[in-house]
Amino acid sequence: MDISEKAFQEHIVNHLVNTGGYRQRNGNKSRNAAHYDIAHAVDYEMLVEFLTTTQPDTWAELQAQHGMGIREKFLKRLHRQIEQHGVLHVLKHGVKDHGSFFNLAYFRPASKLNPDHWQKYGQNILSVMPECQYSSKNGNRIDLVIFLNGLPLFTIELKNKLTGQDKINAIIQYQRDRDPAGEPLLAFKRCLAHFAVDGDEVYSTTRLQGKATRFLPFNRGNDGGAGNPINPVGYASSYFWEHILQPESVLELVGSFIFIEVDEETQKETLIFPRYHQRQAVRRLLADVKATGTGKNYLVQHSAGSGKSKSIAWLAHRLSSLFDENNKRIFDSVVVITDRRVLDNQLQNAVRQLDIRTSDTKITGKVAVIDKDSRQLAAALEEGRTIVVTTLQKFPYVVDKIHQLSGQRFAIIADEAHSSQTGETSKELKRVLGIAHFKEVDDSETITGEELINASMKARGRHSNLSFFGFTATPKQKTLELFGIPNPKDPRGFSPFDEYTMRQAIEEGFILDVLQNYTTLKTYFNLLKTIEDDPNYPKSRAIRQLRNYVDMHSYTIEQKTAVMVTHFINSVQKRIPDKNGRGQAKAMVVTRSRKHAVRYKLAFNAYLAAHNLPFKALVAFSGEVEDGGKFTEAGMNGFSDTQTAMAFKKPEYRFLIVAEKFQTGFDEPLLHTMYIDKVLSGLAAVQTISRLNRIRENKSETLVLDFVNKAEHIQKAFQPYYKTTLLSEGTNPNKLYDLQYTLSEFDLYSDADAAIIAELFLREGEQAEKLQPFLKNIVTRFHYIADNARKEEFRKLLDSYIRLYAFLAQVMSFHDRELEELYLFGRMLRKSLPRAKESPQLNIQEHADLESYRIQKMFEGQIELEDEDGILEPMGDGLMGNGSDDEKLRLSEIIAELNARFGTEFDEGDKVFFAELKTRMVNQDSLRSSATNNSQAHVRLLFEALFPSVLQTMIENNFDLYKKITDESDFREEVIKFIFGEAYKEWERGSGA
């Protein structure tokens with residue numbers, strides 16, 4: 001058996017020649033008749049064969065002008081054009097020489113309407129040159145070079161792991177022995193990509209820069225991680241030559257994927273080559289649309305760092321020119337909905353370059369960014385722009401104009417799907433784009449109430465002329481159900497159409513692991529009662545208010561500020577060094593409220609000034625805060641709030657203190673450390689902490705100091721999004737009927753009331769005043785409800801119905817008019833109901849004082865995630881206990897309980913342990929669902945089955961009490977009996993029973 005590198009090379013060449021129709025060429029100067037022209041980096045024979053075959057008349061005209069000097073003169077002209085614009089530009093836009101225009105490649109036509117173009121597409125010549133001697137200065141050779149019509153596309157260095165070398169050796173060879181200086185083939189933009197390949201993996205780069213050359217993985221991924229799966233019949237990397245290098249794929253890469261990106265600030269050019277998952281996702285989406293047509297929803301779960309902006313650009317461009325088998329465009333327009341301003345320019349730049357000129361003609365831009373009004377959109381459509389980029393805020397302008405195009409077919413690409421296509425925004429979009437307003441009714445006919453309701457229901461469902469493509473890294477339950485596909489392993493559930501996991505992105509080095517260096521801190525304090533009386537207060541509200549009093553106390557803010565700045569000085573300031581060795585690392589302080597942000601900003605300013613530190617802090621929050629004075633973001637920073645993000649890039653600003661703003665969608669690669677003083681859970685935790693994950697030269701890690709959250713809670717938040725996120729099963733639509741019945745039991749309205757108000761709301765031209773008498777009567781009945789808790793229960797039930805119906809109506813088609821009527825009626829009624837009275841302020845903090853306060857480290861290290869897919873449970877109905885029966889305790893007991901939990905002399909804290917245990921059991925979705933649908937005895941059986949696993953999660957909260965429960969069966973039975981009784985009361989309140 002031949003295990004040499006030479007045998008590996010021959011295996012690939014033979015496959016390309018025998019299955020891909022490649023021409024094998026000689027690039028070795030030590031042999032006769034080498035085909036490679038070193039000076040011009042071209043295989044002239046292949047180039048001339050292509051030109052004389054596809055454009056013989058034009059070539060004859062040029063030959064008549066140049067005569068015997070045609071080779072030298074044409075190559076000189078071509079060489080100069082490539083030096084100026086790059087090989088990609090001349091392949092896509094051709095070259096002129098003495099008035100003769102030549103196409104240097106023909107790319108796959110979008111339709112079959114032009115047989116001549118199809119013929120020329122088939123006349124492209126792909127060739128492979130083993131052992132290509134590329135240098136005139138030495139005898140250096142490259143294992144393989146791939147050419148298109150004589151022009152070089154890719155260089156490939158091969159290593160056979162059976163000889164003790166792998167892709168790392170190939171990368172080092174490029175970095176050390178492939179100096180691009182003075183070598184045409186290796187110059188930037190002269191060749192499109194360079195690959196390091198062994199039998200298992202493939203890596204690539206588009207720019208050789210000596211030791212600074214950065215190679216990126218071009219692998220398929222393996223079970224949600226990096227690398228490639230085992231190939232039972234050959235090399236794991238065989239997809240590279242068996243698929244990627246096949247002629248159709250190569251021409252697609254050159255014609256539809258590769259482009260030049262220019263940095264707006266530095267004007268530096270980057271040649272963009274798609275990563276494997278980007279190319280794969282776009283191809284899979286296009287293939288499915290061509291096979292099944294319009295009317296489907298697609299969810300693409302691609303991690304942060306996956307290059308979603310570029311994936312969206314490629315998809316939008318391809319969808320805008322996608323034809324079906326009957327040579328008809330599948331989509332008339334592509335609408336991209338995003339809140340990322342950067343996507344506007346990226347899309348325009350990418351699409352402009354991806355458009356191909358097949359003759360010497362000017363190309364009209366395809367992309368229109370709608371950031372003004374409907375007239376701007378009208379002009380764009382009249383100019384033939386087929387891709388419309390807009391934000392949710394500007395989308396009404398799109399709706400206002402596009403209703404004239406009703407009946408056409410649209411592709412809607414939603415960036416961050418869970419924030420784009422839900423509720424009434426989605427319904428309005430579908431109504432406008434999907435169906436003409438009651439187009440099935442003749443203008444002369446009277447539109448009945450039934451027709452109005454039916455049309456409204458129809459607008460909510462899926463439409464055959466609309467396809468939605470949702471992109472997100474962190475899908476919610478409703479996103480999976482709305483955009484996902486049936487889970488192949490469990491048809492009851494849902495999964496993404498395509499995924500690129502957080503785990504793979506981390507392992508491939510495209511993002512950093514933000515959980516690698518995580519430290520949790522805990523605060524301990526003692527409070528003193530400062531009055532002689534001992535009044536009664538609602539327990540939970542009093543505890544919240546006292547805790548807030550401690551957190552807002554000036555001493556607390558000052559102590560935490562000192563911890564943060566000291567940590568930054570000692571552990572952060574020198575991180576991410578620039579070329580002169582100066583640290584550039586920045587930190588974000590995540591606060592729990594706007595008032596906290598204001599106080600932290602003042603504390604940071606004071607501390608930095610007092611210690612004469614060369615750093616500055618910025619603050620970010622919305623609106624105006626009243627706190628002994630009026631504060632705004634602009635006022636505290638000294639410039640407009642629109643400049644905060646750009647100012648943070650300046651070297652002197654090292655801290656950004658935020659309250660909600662910049663916790664999502666903020667991309668600053670120099671952000672290295674996060675100080676968290678806010679409760680984070682679920683998706684909010686993932687999105688907030690992931691602000692740190694962007695890669696940057698000399699940035700190899702991140703740091704998190706968390707004053708509030710426990711390590712296990714952060715682990716629980718991230719786990720569902722580490723690999724593929726799945727939804728276990730769809731939402732049960734019968735919950736709507738349960739809510740409908742429970743609402744009717746309040747006896748505030750009849751089905752006829754709901755129908756009348758819904759019809760009036762939908763009927764065009766009706767005056768809003770006609771609604772008022774009907775709504776007023778119902779609101780009057782609502783006032784007669786004596787129990788405020790009962791009123792609040794009705795509000796919550798109505799809110800739950802409105803939210804659940806708005807979602808489910810997008811997922812499935814309902815044929816029950818009463819559900820739609822109740823939804824429309826409910827939305828009007830909810831706005832008419834008086835606001836719930838706020839509970840009076842307790843002002844309990846006036847009777848307590850902070851005696852002592854300290855901060856202690858609880859956990860330090862890596863929060864590890866399990867190597868498994870994340871499972872989300874279906875959405876509940878949104879009902880929670882109203883907490884109206886707040887147990888009242890004396891002030892002394894409340895403070896004693898707080899001190900037992902947080903004091904310097906820390907007691908067992910049994911009450912706190914039991915309260916937390918009850919909360920965790922109450923929040924078990926399966927138990928809450930069972931309590932709604934089954935007998936109390938049945939729920940008790942499930943409760944006892946789940947109790948041990950939930951108890952296990954609290955082992956570190958109070959080990960002594962945990963051990964007592966697990967070791968003493970009699971005591972355990974009493975605990976289960978007590979906790980179940982309390983939990984069942986909450987479930988009963990939550991279900992409206």
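Predicted model: local features only at pLDDT ≥ 70, side-chain atom pairs only at ≥ 80, totals over all residues.
**Helix 9**

I started with helix 9, which runs over residues 247-257. I wanted to know how much of it is covered, and I found 9 of its 11 residues buried. The buried stretch takes in Ser-249, Val-250, Leu-251, Glu-252, Leu-253, Val-254, Gly-255, Ser-256 and Phe-257. I noted that Glu-252 is on that buried list along with Leu-251 and Leu-253.

**Aromatic pairs**

Next I looked up ring pairs, and the structure holds 37 of them. I picked out Trp-59 and Phe-102: their ring centres are 5.9 Å apart and their planes are at 65 degrees, so I logged the pair as edge-to-face, the cut-off being over 60. Trp-59 belongs to helix 3 (residues 56-66) and Phe-102 to strand 3 (residues 100-102), so this pair ties together parts 43 residues apart in sequence. I checked burial too, and both Trp-59 and Phe-102 are buried.

I then went to Phe-980 and Trp-987. Their planes also sit at 65 degrees, with ring centres 6.5 Å apart, so this one is edge-to-face as well. Phe-980 and Trp-987 are both buried.

**A cluster**

Which residues make up the aromatic cluster that includes Phe-154? I listed Phe-154, Phe-195, Phe-218, Tyr-239, Phe-240, Phe-273 and Tyr-276.

**Arginines over rings**

Last, I looked for charges over ring faces. Arg-207 has its charged end over the ring of Phe-188, 3.6 Å from the centre. Arg-275 lies over the face of Phe-510, and I noted 3.3 Å to that ring centre.

Technical notes
Residues numbered from 1 in each chain as written. Heavy atoms only, no water. Buried < 20%, exposed > 50% of the residue type's maximum accessible area, 1.4 Å probe, protein only. Helix = DSSP H or I, 4+ residues; strand = E, 2+ residues; numbered from the N terminus. Phe/Tyr/Trp six-rings, centres within 6.5 Å; stacked < 30°, edge-to-face > 60°. Lys NZ or Arg CZ within 6 Å of the ring centre and 35° of its normal.
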